[in-house]
There are 2 protein chains.
Amino acid sequence: MTTLTPYLTVSDGAAALDFYRRAFGAEIVERYDADGRLAHATLTIDGAILFLSDEFPRFGAVSPTTVGGSTAAVVLGVADPDATCAAAVAAGATEDRPVELDGSGHRSGWVVDPFGHRWNIRTE
Amino acid sequence: MTTLTPYLTVSDGAAALDFYRRAFGAEIVERYDADGRLAHATLTIDGAILFLSDEFPRFGAVSPTTVGGSTAAVVLGVADPDATCAAAVAAGATEDRPVELDGSGHRSGWVVDPFGHRWNIRTE
């Protein structure tokens with residue numbers, strides 16, 4: 001089985017772990033810290049996997065707040081995008097485009113999290 | 001069912017579609033062009049979904065070649081990472097870390113594609 005999983009770089013891994021827990025109910029499966037920084041974490045959001053680390057510029061891993069944009073968004077497919085977007089905003093994300101029916105029949109909205117990552121939250 | 005899917009931003013969407021086909025056998029499921037640019041594409045790699053578009057700076061979507069790093073890597077889980085890494089390099093990717101057995105028991109390597117996206121190619 002072939003899988004594709006996002007691996008996000010953030011400016012503050014510890015704070016991001018807390019935010020993704022509050023915003024999306026993310027649970028920590030693995031966490032490795034080194035020199036006071038988040039070297040690697042594996043999270044699950046209702047069973048879906050997400051990887052996370054602090055910045056490692058020598059490997060080209062930079063954070064959106066450092067570079068002023070993000071080079072990959074995350075598409076989060078959920079049963080109720082209205083509720084998930086509202087929870088993300090309540091946890092500190094910024095609404096970018098409100099949830100509405102898009103051209104392909106999904107309810108779909110966009111938020112930007114406090115670490116600069118763009119999330120498209122939509123029905124499958 | 002909750003899903004998480006990477007949505008990559010690239011500097012040249014048409015070239016990236018061709019590269020991901022040659023490197024990973026990606027097939028185009030949907031493609032929308034607008035004003036000569038890739039507005040959105042849905043690809044599948046052996047059934048796993050990947051989204052792709054050109055840069056849209058007004059939405060914060062910038063490419064790794066523009067910002068000099070990537071804010072999210074893609075973890076590609078495959079049966080034979082040695083073969084997949086070799087195919088990616090043959091198609092034009094650069095090996096960053098060779099495939100080897102990592103601490104968690106995966107065979108795992110890293111390549112950087114011609115658009116600056118970092119790929120961790122490993123067994124599941």
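Predicted model: local features only at pLDDT ≥ 70, side-chain atom pairs only at ≥ 80, totals over all residues.
View 1. On chain B, 37 residues are in contact with 37 residues of chain A. Five elements of chain B each bring at least two residues to the side that touches chain A: strand 1 (3–10), strand 4 (48–54), helix 2 (64–67), strand 5 (72–77) and strand 8 (118–122). The largest share of that side, 7 residues, comes from strand 1 of chain B. Sorted by class, the side of chain B facing chain A holds 22 nonpolar, 12 polar and 3 charged residues.

**View 2. Two strands, one from each chain, pair up.** Strand 5 (residues 72–77) of chain A is joined to strand 1 of chain B by 6 bridges, and the two run antiparallel. To pick out one of the pairs, find A:A73, whose bridge partner in strand 1 of chain B is B:Y7.

**View 3. Follow the sheet from chain A into chain B.** This open sheet has 8 strands, in the order 6(A)-7(A)-8(A)-5(A)-1(B)-4(B)-3(B)-2(B), and its pairing is mixed. Strand 6 (94–101) of chain A and strand 2 (27–34) of chain B sit at the edges with a single partner strand each, so one side of each has no neighbour in the sheet. Going from one strand to the next, the twist averages 20 degrees.

**View 4. Zoom in on the chain A part of the sheet, with its helix.** Strand 7 (residues 107–112) and strand 8 (residues 118–122) of chain A pair in the antiparallel sense, with 5 bridges between them. Within this pairing, A:W110 has A:N120 of strand 8 as its bridge partner. Helix 3 (residues 81–91) of chain A packs on the sheet, where it touches strand 5, strand 6, strand 7 and strand 8 of chain A. The direction of helix 3 makes about 10 degrees with that of strand 7 of chain A.

**View 5. Now for the helix on the chain B part.** Helix 1 (residues 13–24) of chain B packs on the sheet and touches strand 1, strand 2, strand 3 (37–45) and strand 4 of chain B. Its direction makes about 10 degrees with that of strand 3 of chain B.

Technical notes
Residues numbered from 1 in each chain as written. Chains lettered and ligands numbered in written order. Contact = placed C-beta atoms within 7 Å. Helix = DSSP H or I, 4+ residues; strand = E, 2+ residues; numbered from the N terminus. Nonpolar A, V, L, I, M, F, W, Y, C, P; charged D, E, K, R; others polar. Pairing = 2+ DSSP bridges. Axes fitted to C-alpha atoms, helices over the stretch in contact; angles between N-to-C directions.
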